[in-house]
Each structure stands twice: as C-alpha cells, then as structure tokens.
Amino acid sequence: MVQKYQSPVRVYKHPFELVMAAYERRFPTCHLIPMFVASDVVDEETSEDGSTHRIERRCALDVDAPRLLKRIAGVDYVYFSQKNTLNRKERTLHIESHNETFSNRVIIHEICCYSVHPENEDWTCFEQTASLDIKSFFGFESTVEKIAMKQYASSIKKGKEIIEFYLKELEDEGITHVPRWTPSSLSLPPPRPTSLSTSPPVLPKLPVLPAVSIPLPADAKDSAAQDAMQDSSALQGDSLTEILAGTPEDKLDADYIKRYLGDLTPLQESCLIRLRKWLQETHKGKIPKDEHILRFLRARDFNMDKAREILCQSLTWRKQHQVDYLLETWSSPQVLQDYYTGGWHHHDRDGRPLYILRLGQMDTKGLVRALGEESLLRHVLSINEEGLRRCEENTKVFGRPISCWTCLVDLEGLNMRHLWRPGVKALLRIIEVVEANYPETLGRLLILRAPRVFPVLWTLVSPFIDENTRKKFLIYAGNDYQGPGGLVDYIDKEIIPDFLGGECMCEVPEGGLVPKSMYRTAEELENEDVRLWTETIYQSASIFKGAPHELLIEIIDASSVITWDFDVCKGDVVFNIYHSKRAPQPPRKDPLGAHGITSPGGNNVQLIDKSWTLGQDYSMVESPLTCKEGESVQGSHITRWPGFYILQWKFHNMPACSATNLPRVDDVLATLQVSSHKCKVMYYTEVLGSEDFRGSMTSLESSHSGFSQLSAATTSSQSSSMISR
C-alpha cells in the first residue's frame, strides 16, 4: 500500500531571496540533522541570463533503524538523489527527491516547492508532498513502513526549526535583505549576501555504496527522503509563523490549522488536506467545513478510506433531509417547549458549550405518544446543529479551537417508566443517527445522581455508543458530584444550576407529565412520521442489472428546460434522455423477482416497453453519460419538441477485456455478489420555462439544493451537464 503525505501551506514571513539564503546553508551537511551525513554535487548549470539555476545532489543518510535491520539490508547509509530548480525571475524553488538505495524494493518520492505568497510578496510559502511504496523488504515491510512514517513525521517538524535557525543566523550576521534578481544582472552570478559570498566548503567525497535505502518505514523513508532532500526537510519545517489572510487556491495553511482546528501531527494534517481536496473535486457544490471533516477523521483514527466512507454517507443523508436548513425551517412544537427538559446553559471551564438534560424529569412516554419518534429525532438533530454553531462561536470568542460540547445529564427521578420499550427504541434510534452524523461532537458527558435503575438502562444503551464516546462518560451516584473531582472540576461554580445546589438560574423546563389529551393515535403518528421524512425535494431509486429506473416528464411547450441534479450513491450508472411522441404504458414497478431480491431503499420503475424500437418509437436526445459512484451530476436540456421525455438511469456494465476471451477477475467477483448488480441514485428534477431559465442560476438553487449549480452554457446550447468528480 502506498503511503502519501501532503503538507499544509507553511509560510515564512520573510522575502523569498532571504529564505533561499537560509536554505543554502544546509549544505553540504547540517549539524541540526544528525542523520544527514553528506552531499555531493552531481550536476549543476545556470542559464545565460542567470535567472535559472539547476543543481543535482547525491545525499547520504544514516537512518535511525534497528542494527539488525541494517545488517539484514547490508547497508550503513541510504542514498537519495535531489534535483533543485531555482527560478530567480519567477521566485520559485522546486525540489524533487527520490531514493537510489533499494529502489527496486522501496520507492520514496518527494516534491517540495518554495514560492512567493500570493497576497504578500515579502512572504514565502512552502508546500510538500511525498509518497512511500514498499514493494518488498525481506519480510519486514510492515516494520519498515512504521519506522519510516515515524521518522518522516519527526523530520517534518525539525525542518521548520532548521530554516528558522538559519534565518536567525543571517540576522545575527547583519543580513536582513538579499536583492532580487533583475534582468540587468545577466551573466552575473546570482546576488548573494556578503557574508554568503565565500566559496562553499569542500564536500567530503562519498564512498560509492550499493544502491540501498533502508526501506525506511513510510515515515522513515519519507524522513530519509525528506532529510536527504535536505530541502524538503527544511521545507517541511518551513513554518509559517502566524495566521495568514489567505493561501493559494483555497489551500489550508499551518497557522489556520493551529488556530481553528488545533494541534495536529504532520500526518493528521496530511489526511485532512487530502480528504478536503477529494471532496472539492467530487462535491463541487457544497462541502463541509474543515472542522466537520476533521471530526470524521478523528472518529476513524485518521483512516482516510474509512473516514471518507462515513462522511459521504452523512453528506448524502444531510442532503436528502435538508439538514443544513434545519435551524431555519424547524420550529419546535409547543409540547416540546413545555415538556422537553433540555437546553443550552453557558459553557464549561474549557469554553465548550454546555447542554443540560434533566432526563429523570422527562416524560419520555408522553413525548413519544404525543409527538412520535421522528419529531423527537428532528428536535435532537436541531440541538446538534445548534451545538455546531455554538462551537464556531466559542472558537472565535475564546481564541482557541472548540469543536465539541459538554453534556450534563441529571438522572434524579429516573425510574422504570423510563424503560418503556417504545421510548427506549426511540432513544436507540436517536443515538444511532447522531453517532453516524455527528461524530466527535461530545467532549464530555457528566451523568449525575444516577439511581439504581441506571445500570439497566446503561446495559441497553451502551452497545450502541462508540467506544471512544463511552470513554468520555463520567458517572456520579447520589451527591458524589458535589465533592472533589465533581462538577466544580469541569464547570465554574458561578454557573452550576440551582437544581444542583448552585446559584445560577437555569432556564431548562422542569418537565412533568404530558397530558394524555395531547396523545395521538398510532395512525396519526405514523402519517406524521412519513410527512416529516418525506419533506425533501430529492427522491431515491434503485437500479439493477437489466432493470433501469426511468422517470417520465411531459412537455407541452417546446423550448422548456428540463433540469436535473442527482448523486450516485452506490455503483456506476449510465444516464440517458429519450423523447417519444406517444405516452408510454403505465409505469411498471419491478420488485426484481427475477433477481430474487426486493428494493426497500428506493423504487425502480420502467417505462420504455420492450417492444419499442429505438429510432422509431422513441429517440435519444442526449449522448449517454457514464457516472461513477460518489459523483454529483447537475445539468439541463432545452427541449425542441413537445411530447414525452424519459430520464433513464441504467446499470453500467464494465466492458470486458478485449485482449482475451477469459473473464476478468472483477467480473467474476461481481457475479458472486448480488449487491454488485445494484446501484442507487438520489435525484431531483424540475421543468422551467425558457424565459425563466435563460441567463439565470435559479432552478436547482432556488429549490434549496445546496449542492447544485447550473452551467451558464445552457444559455447558448441545447443541453449541458456537469459532473462533480
């Protein structure tokens, strides 16, 4: 498996030329990098006008690896090749490094770049990417990878210190300015500060050793690569000192991460940056805030693939149920305002928003009977959305990252009526939804006055709570919360609620029994639940091999505009648009009996009769569009004729390998799993009059689709479609 690293943008608040002068002091050796043994210049050239300088070095590293591993590898040093291209005119330095040692077993590749800050020409930006691929290493692949990743992360931090050390050294020598290159300096040696004009020391001749590179673990490797790429090491270290106003191409800078997201290791920063970049490429409409992305990464211990999977599922869920608009559209029923015993109350000692829930005083049975499970769920979701908003607010107020909240649960009054089965079922459902879509938002849970019945409730609930979340629970029985290690350790005495012995008035409702006159019948609740969760402009459909999903749109006025916005939630599909002058037969809903499966998660409708002939009974008005899993597709079609238009989503069959008649491994595996023949899409369509559409960006956006955007090209062409890849 290839390990990758992507640095944030690191900024030096020094001019490019001065940073380059500091960088050059790292060669031929650097006492700040003990493993960097020596470097030899292999090739060097300068352009005629002196604007471009290219130099290639061979660097030797003494990798900090177990002696046994070195003996098995048969090497003492790891060699790297580093190629630097300095463009004084453009004020950029590009560095590319790769390992020579064991290059047939381990591949380390690193690219670094110094450039001028786009908003301040007196500042210098630094970026770095690296990859490590261990193909084989005497059976020690996993060990080598761990060593490499550890050393690489360590060297990244050290790189920052190194550049800062040499900048300080230049300042102590009185060198605070290095003139920029100008065309008038043709053929003259590049400008150098006086103290740097002395000829460089003679480099020690490196012994020619076999091309080996102790496959530094992904980290060590990188470390080696990085160190070897002296520059990258320093670059990696390139630290920006304070928060920047902006970085190129909406990239993250290190100071922003520290100020708003917290202290992350280099590899954690890399995961955040790479996942964020992937979202920008595949969700060109709206992507989550950096804090939200980081929560999903933390929930999966920064495993990129796992975090991406649950984040995409959550984004689809948020889009389908318009959760982004919940705070604007949801109004709590009066019964919740009167009998739901929870509310926000100041903040804890760490600046986290504090939510108080008097669960023991809540009539869970009455609320479920009066409102239904879905209304309660939506109310809890609005609480979580408000919590996210308060975290952002407190981050600004306290000047440090606050990404989660504290919840105080008072269980006084909890008894067997709280274990009413439908109530427990509703609670488990709420926990499941919140765990899936709001990970790492609970910083601490304080459970006070736990009665004897609590262990029973805990036994029912705890299996549904993530292990990392359970570690944040602090449980106090009786009045234990009043002593040392109790509430005062986490909440300022001045804001402890009055019902817990404090002096602060708390506006959380006291609850009580919900009047039975407010209870609703099971049928009423069921209809209400359906209404709540169908309040979405999107529909879902399942597509199977041999059973496409088709949608009929009747057009009366020519030149109308059909617009669409859909997400491919699972599998790959082919999107087609057809036109017919006659109406198809009533829709056939295929339960896919031929496949022996049902489709609980979306309908499947076919409209085109099998007896119809393409080109006679109906025609294709758009070229087929292949859409991959995870893509968001927005587009439009300006109709030429009235009649019936059919939008079709069809299962995408992977083409067989043309070089052989043998089936591909992927095809064989696919036939073994029924699920591999199922795709799922979530879509929204709208028909607009041409006068309403031309020159506007309304259609999909006016329907509150935060992810949608139409191509302006539709104003001059018959159709357009945009895929967010």
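How much accessible surface does the chain have, and what share of that surface belongs to carbon and sulfur atoms? The accessible surface comes to about 34500 Å², and carbon and sulfur atoms account for 51% of that area; accessible areas come from the Shrake-Rupley method with a 1.4 Å probe, and for residues only the protein chains shown count as cover. The model is predicted, so local features need pLDDT of at least 70 and side-chain atom pairs count only at pLDDT 80 or more, while totals for chains, interfaces and linings use all residues. Residues are numbered from 1 along each chain as its sequence is written, and side-chain values use heavy atoms, with hydrogens and water left out.

The chain holds 20 helices and 25 strands, taken as DSSP runs (helices H or I, at least four residues; strands E, at least two) and numbered from the N terminus. Of its 725 residues, 51% count as buried, that is, under 20% relative accessible area with a 1.4 Å probe and protein chains only.

A few local backbone features deserve a visit. The peptide bond from F27 to P28 is cis, with omega near 0°, and P28 sits in the loop between α1 (16-24) and β3 (36-46).

Definitions and conventions:
Buried < 20%, exposed > 50% of the residue type's maximum accessible area, 1.4 Å probe, protein only.
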